[in-house]
Every structure is written in C-alpha cells, then in structure tokens.
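Hi everyone, thanks for making time for this one.

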Amino acid sequence: HMAADISQLDAIIDKFLDYARPDHVNLSTVRLDDVIEACVYAMKQHADVKVRLDLGPDLLVLADDVELGRVISNLVENARRYGKSVDTGIAVIDIAARARDKWVLLKVRDHGQGVSPENLANLTKPFFRGDAARTAANGAGLGLSIVEKTVQRMGGKFSLVNTTSGGLAAHIKLQRALKI
C-alpha cells in the first residue's frame, strides 16, 4: 500500500509541475496522426477499451509534439477511466479529426454517462472533481486544467460537451500547418 501511495503522490506532483509550466511553447509542424497513433498504441492491450479512429488524411498542425501527445494521452486516459459503458464495462473512445480552413478540429469522445450540466463548466478548473461517476480514480483534479492551458499555449481552443447520445466529448481546435 505504501508503494501505491508513493506512486500516487508522484503522479500528483507531476500534475502540479505540468500545471505550473511557463506559458511559452515552441510550435512546429506536427503530423497529427503520428501523435494520435503513439498515444493510443498502449490502449490496444487493454481489454476494456476500444479506440476508433476517423482521421482526415495528412493532417498537419502547429504544435509542440510532446505537449500535444500529453494532451491526447490525458483525454484518452480520462475516457478510458470514466467513459465505460454501464452495460458492457468497455470504454469505446472515438477520435476524429478534420481540416477546416486554417484549423484542424480534433474530437476525443467517450460513450459513458457524461457529466451533469452544472459540473460541465467546472471540469477545467484546477482541483475540481466532477460527478461521482467520473471521480472514481485518484488524482489531483488538474488533468483537464492542464489540457486546456496547454491547448491555449499552442494557440488553440478547448471545450467539453456532453453528447446527445451519451458520453463526454473534448473538442480541440489547433492551427493548421500546410507543409512540413
């Protein structure tokens, strides 16, 4: 139990450090599908997760590839933890991306219970823990705050919405790059 407690404290400290990072990032042209594939690779080994990808061809974004990987990994992990179907116990995670003019729109969606409307706006506030259905895991309540802050530092926009058919969807809008 002590080792598990130390591991949890270490993860919480890492989250604090992530949140306290300076606002400057170095943007470069990043192949979105490469980052997403790297982030979901480990999920293929989980029996309780099914990831479905629907990515436009050759999507390039202006981003910090490491930071973007952390954003996507955080969203996928949240969907795995909190987005499991009540019926099957499996988290189905849809990741879709499309180019629109000067932007690339990325959506990471689970098919769980979603979040109560009164808690939805608070999910990106530091240290906020949402509904009981989405707070079963340990943590500091910083993950989505870090995601939002990181996306903003890369010149993008981040939002969360409940979907009409159930589940929570994270929407990310990043600057589109035209070539490597």
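Let me begin with one side chain: Arg98 has a relative accessibility of 32%, so it counts as partly exposed. Please keep in mind that this is a predicted model.

Which residue does Arg98 form a salt bridge with? The partner is Asp54, and the closest N and O atoms are 2.7 Å apart. Asp54 sits in strand β2 and Arg98 in strand β4, so this pair ties together parts of the chain that are 44 residues apart in sequence. Asp54 is also partly exposed, at 39% relative accessibility.

While we are on salt bridges, the structure holds 8 of them. Another one joins Asp48 and Lys84, where the closest N and O atoms are 2.6 Å apart. This pair, too, links distant parts of the chain: Asp48 is in the loop between α2 (32-40) and β2 (49-55), while Lys84 is in the loop between α3 (65-82) and β4 (91-100), 36 residues apart. Lys84 has a relative accessible area of 28%, which makes it partly exposed.

Then there is Arg31, whose side chain meets that of Asp34 in a salt bridge at 3.6 Å, N to O. Arg31 is partly exposed, with a relative accessible area of 27%, and Asp34 is partly exposed as well, at 46%. Through shared partners, salt bridges join Arg31, Asp34 and Asp58 into one network.

Now let's zoom out. How many helices and strands does the chain have? There are 5 helices and 7 strands, and along the sequence they follow the pattern α-β-α-β-β-α-β-β-α-α-β-β. Of the 180 residues in the chain, 43% are buried. The accessible surface comes to about 9900 Å², and carbon and sulfur atoms account for 54% of that.

My last stop is the β-β at the end of that pattern. Strand β6 (residues 157-162) pairs with strand β7 (residues 168-175) in the antiparallel sense, over 6 bridges.

Technical notes. Residues are numbered from 1 along each chain as its sequence is written. This is a predicted model: local features need pLDDT of at least 70, side-chain atom pairs count only at pLDDT 80 or more; totals for chains, interfaces and linings use all residues. Side-chain values use heavy atoms; hydrogens and water are left out. Helices (H or I, at least four residues) and strands (E, at least two) are DSSP runs, numbered from the N terminus. Buried means under 20% relative accessible area, exposed over 50%, partly exposed in between (1.4 Å probe, protein chains only). Accessible areas come from the Shrake-Rupley method with a 1.4 Å probe; for residues, only the protein chains shown count as cover. Two strands pair if DSSP finds at least two bridges between them. A salt bridge is a side-chain nitrogen of Lys or Arg within 4 Å of a carboxyl oxygen of Asp or Glu.
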